[in-house]
Amino acid sequence: MREEYDRTMRALFGPRLERALEETNAEIEAQAANVAPVELDQQSVGRLSRMDAMQAQAMAQAYERRLKAQKVRIEHALTRLAAGEYGYCTECGEEIGMRRLDIDPAAHRCVRCA
């Protein structure tokens, strides 16, 4: 019974997790230009423009951190999938609801434990 569940999980969520990992990696690469240091040349850029640039850089850095955290979650989900542990709560061991996994395939806790 559990083997059939594991096969179903691999078939349903394996491709989605792989695709999500590829998309996240591509987004991280695309984001690299936005986190470059801000030029503080006072002759060419006004004070408010520099402040705007620094704020945009801080937002880009926060977004990059969220993307990297999401990448780690997806990689852990793929590891659990390969080990036959995907779809089970890491806290209590119960099955994670399909609706929850459908919304967030990288979820590793059931609703009760989350």
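A salt bridge is a side-chain nitrogen of Lys or Arg within 4 Å of a carboxyl oxygen of Asp or Glu. By this rule, the count comes to four salt bridges in the structure. The structure is a predicted model, in which local features need pLDDT of at least 70 and side-chain atom pairs count only at pLDDT 80 or more, while totals for chains, interfaces and linings use all residues. Residues are numbered from 1 along each chain as its sequence is written, and side-chain values use heavy atoms, with hydrogens and water left out.

| Residues | Distance (N to O) |
|---|---|
| Glu64 and Lys68 | 3.9 Å |
| Asp104 and Arg73 | 2.6 Å |
| Arg109 and Glu91 | 3.5 Å |

Helices are DSSP runs of H or I with at least four residues, and strands are runs of E with at least two, numbered from the N terminus.

Glu64 and Lys68 both belong to helix 2 (residues 47-83), where they stand four residues apart, about one turn of the helix. Glu64 counts as buried because its relative accessibility is 16%, whereas Lys68, at 43%, counts as partly exposed.

The side chains of Asp104 and Arg73 also meet in a salt bridge. This pair links distant parts of the chain, 31 residues apart: Asp104 is in the segment after helix 3 (98-103), and Arg73 is in helix 2. Asp104 is partly exposed, with a relative accessible area of 23%; Arg73 is partly exposed, at 28%.

A further salt bridge joins Arg109 and Glu91. Here, too, distant parts of the chain are linked, with Arg109 in the segment after helix 3 and Glu91 in the loop between helix 2 and helix 3, 18 residues apart. Arg109 is partly exposed at 30%, while Glu91 is exposed at 53%.

Thr24 counts as buried because its relative accessibility is 8%. Contact means heavy atoms within 4.5 Å; leaving aside residues up to four places away in sequence, Thr24 touches Leu67, Gln70, Lys71 and Ile74. The side chain of Thr24 also reaches the backbone oxygen of Ala20 at 2.8 Å.

How values were computed:
Buried means under 20% relative accessible area, exposed over 50%, partly exposed in between (1.4 Å probe, protein chains only). A polar contact is a pair of N or O atoms within 3.5 Å; within protein, one must be able to donate a hydrogen and the other to accept it, and residues adjacent in sequence count only if both atoms are side-chain atoms.
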